[in-house]
Amino acid sequence: MANTCLQFTGFVMSFLGWIGLIIATATNEWVVTCKYNMNTCKKMDELEAKGLWADCVISTALYHCITLTQILELPAYIQTSRALMVTASILGLPAVALVLMSMSCINLGSEPESAKNKRSVLGGTIILLTAFCGVVSTVWFPIGAHHERGLMSFGFSLYSGWVGTALCLLGGCMITCCSVDTPATYTDNNRFYYSKQGPAHSGPASTNHAKSAHV
């Protein structure tokens with residue numbers, strides 16, 4: 001019962017973390033960059049919100065974005081963060097599906113419990129891999145943006161990525177740890193085997209005892 005609760009909690013955390021990573025991937029307000037103070041940058045139209053897919057200019061009168069279409073000319077930190085976040089978003093779907101199908105309330109035919117445990121461990125491992133992709137992206141991107149242009153603050157997309165990464169990391173650890181096989185089933189089988197063998201030898205012993213008593 002305790003493992004089931006932990007597995008369900010890990011599934012919910014992993015699912016929410018995966019949604020957070022998708023939101024971070026799809027939005028463009030990762031960091032806000034500026035070389036001067038906030039008011040000066042707004043007046044000079046130099047307050048920018050950088051993301052994976054576009055650079056947006058934030059001013060007092062307008063908010064417009066320029067799509068980053070020239071892939072080969074982009075800095076390495078943007079290209080790498082793009083690839084890792086897209087990978088994390090794609091890997092989250094089979095990971096969540098595997099963990100969901102390994103829940104104790106879902107039965108796929110007459111499969112043994114060991115098959116569910118293996119599927120749960122595989123799903124938890126993929127979730128941990130998803131969290132690793134999120135960690136690298138959400139740490140490297142603000143560092144690269146700071147070196148390229150002065151970093152003013154973090155955007156909500158980056159916060160979404162951090163929260164999603166933490167939830168996937170905790171959820172993946174919980175799922176993987178609570179999906180280990182226990183030797184209780186083998187102990188029960190052995191007890192059944194010995195109890196079954198017991199009456200087989202009791203027949204001759206009781207017969208011999210009756211003969212000796214008759215003599």
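How far apart do the end C-alpha atoms of residues 6–31 lie, and what percentage of the span is helix and strand? The end C-alpha atoms of residues 6–31 are 35 Å apart, and the span is 81% helix and 4% strand. Helices (H or I, at least four residues) and strands (E, at least two) are DSSP runs, numbered from the N terminus.

This is a predicted model, in which local features need pLDDT of at least 70 and side-chain atom pairs count only at pLDDT 80 or more, while totals for chains, interfaces and linings use all residues. Residues are numbered from 1 along each chain as its sequence is written, and side-chain values use heavy atoms, with hydrogens and water left out.

**Overall make-up**

The protein has six helices and five strands. Along the sequence these follow the pattern α-β-α-β-β-β-α-α-β-α-α. Of the 215 residues, 37% count as buried; buried means under 20% relative accessible area, exposed over 50%, and partly exposed in between (1.4 Å probe, protein chains only). Among contacts with a separation of 6 or more, 68% come from residues 24 or more positions apart, where contact means heavy atoms within 4.5 Å.

**Annotated spans**

The unreviewed UniProt entry places the feature "transmembrane region" at residues 6–31, 52–72, 84–109, 121–143 and 163–186. UniProt positions are given in the numbering used here, feature names are shortened, and annotations may be inferred rather than shown by experiment. One of these spans, residues 121–143, is 100% helix and 0% strand, and its end C-alpha atoms lie 33 Å apart.

**Cysteines**

The structure holds one disulfide, a disulfide being a pair of cysteine sulfur atoms within 2.5 Å. The disulfide joins cysteine 56 to cysteine 65, with an S to S distance of 1.9 Å. The link of cysteine 56 and cysteine 65 is right-handed, with 100° about the S-S bond.

| Cysteine | Relative accessible area and class |
|---|---|
| Cysteine 5 | 38%, partly exposed |
| Cysteine 56 | 1%, buried |
| Cysteine 65 | 39%, partly exposed |
| Cysteine 168 | 2%, buried |

**Helices α3 and α4**

Two packed helices are described by the angle between their axes and the distance between the axes. The axes of α3 and helix α4 (residues 113–148) come within 8 Å and cross at roughly 160°. Therefore α3 is roughly antiparallel to α4. Axes are lines fitted to C-alpha atoms, for helices over the stretch in contact, and angles run from 0 to 180 degrees between N-to-C directions. Angles under 35 degrees count as roughly parallel, over 145 as roughly antiparallel, 65 to 115 as roughly perpendicular and the rest as oblique. The crossing of α3 and α4 is left-handed, meaning that the near helix is turned anticlockwise from the far one by less than a right angle.

Valine 99 lies in helix α3 (residues 76–101) and is buried at 1% relative accessibility. Not counting residues up to four places away in sequence, valine 99 touches Gln7, Phe11, Ser120, Gly123, Gly124, Ile127 and Ile175.

Phenylalanine 15 lies in helix α1 (residues 2–26) and is partly exposed at 34% relative accessibility. Phenylalanine 15 and leucine 167 are 152 residues apart along the chain, and their C-alpha atoms are separated by 8.4 Å.
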